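Q: Before we look at any details, could you show me the chain and take me through how its features are read, one at a time?

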Amino acid sequence: MPISQQALSSESTFRHYSFLFQAAQTLNASLEINTVLQQLMALTQQHFQPAAVSIALVEPDHSLHFRAAAGGGTSLIGLRLSPDTGIIGWVARQGQSLWVPDVTQDP
């Protein structure tokens, strides 16, 4: 018997709410920012299943400092980039998100 569209929608909604609940629990579990960021990255990778996920914070000198990562991006942790570096620099300067479907094709 095929699964109804409503059942699929309910399952998807449940997964999204479950993710948000787990993220809220993570935010409330520790005052240590690096621990919280790393746990959020692991949770995000588990839920969305990208190859890699990372967070870079903009420092007072405007450099970008990778503070947490999961998946293939874990070697980025600790890396600092100047604010004029690539896509991440553009996002930091513009204060906007950017969707790039294939970064290998982006100049």
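**Reading the fold**

A: Read along the sequence, the protein chain follows the pattern α-α-β-β-β-α, where helices (H or I, at least four residues) and strands (E, at least two) are DSSP runs numbered from the N terminus. This is a predicted model, in which local features need pLDDT of at least 70 and side-chain atom pairs count only at pLDDT 80 or more, while totals for chains, interfaces and linings use all residues. Residues are numbered from 1 along each chain as its sequence is written, and side-chain values use heavy atoms, with hydrogens and water left out.

Q: Which strands does β2 pair with, and in what sense?

A: Two strands pair if DSSP finds at least two bridges between them. Strand β1 (residues 52-58) is joined to strand β2 (residues 64-71) by seven bridges, and the two run antiparallel; Ile-55 has Ala-68 of β2 as its bridge partner, and Leu-57 stands opposite His-65 in β2. On β2 there is also an antiparallel pairing with strand β3 (residues 80-81) over two bridges, where Leu-64 stands opposite Leu-81.

Q: What lies between β1 and β2?

A: The two strands form a hairpin with five residues between them, and His-62 in the turn has a positive phi of about 75°.

Q: How much of β2 is buried?

A: A residue is called buried under 20% relative accessible area, exposed over 50% and partly exposed in between, using a 1.4 Å probe and protein chains only. In β2, six of the eight residues are buried, so the strand is largely enclosed by the rest of the structure. For the protein chain of 107 residues as a whole, 21% count as buried.

Q: Where is Thr-44 placed, and which residues does it contact?

A: Thr-44 belongs to helix α2 (residues 33-48) and is buried, with a relative accessible area of 18%. Contact means heavy atoms within 4.5 Å, and once neighbours within four places in sequence are left aside, Thr-44 is in contact with Phe-19, Gln-49, Pro-50 and Val-53.
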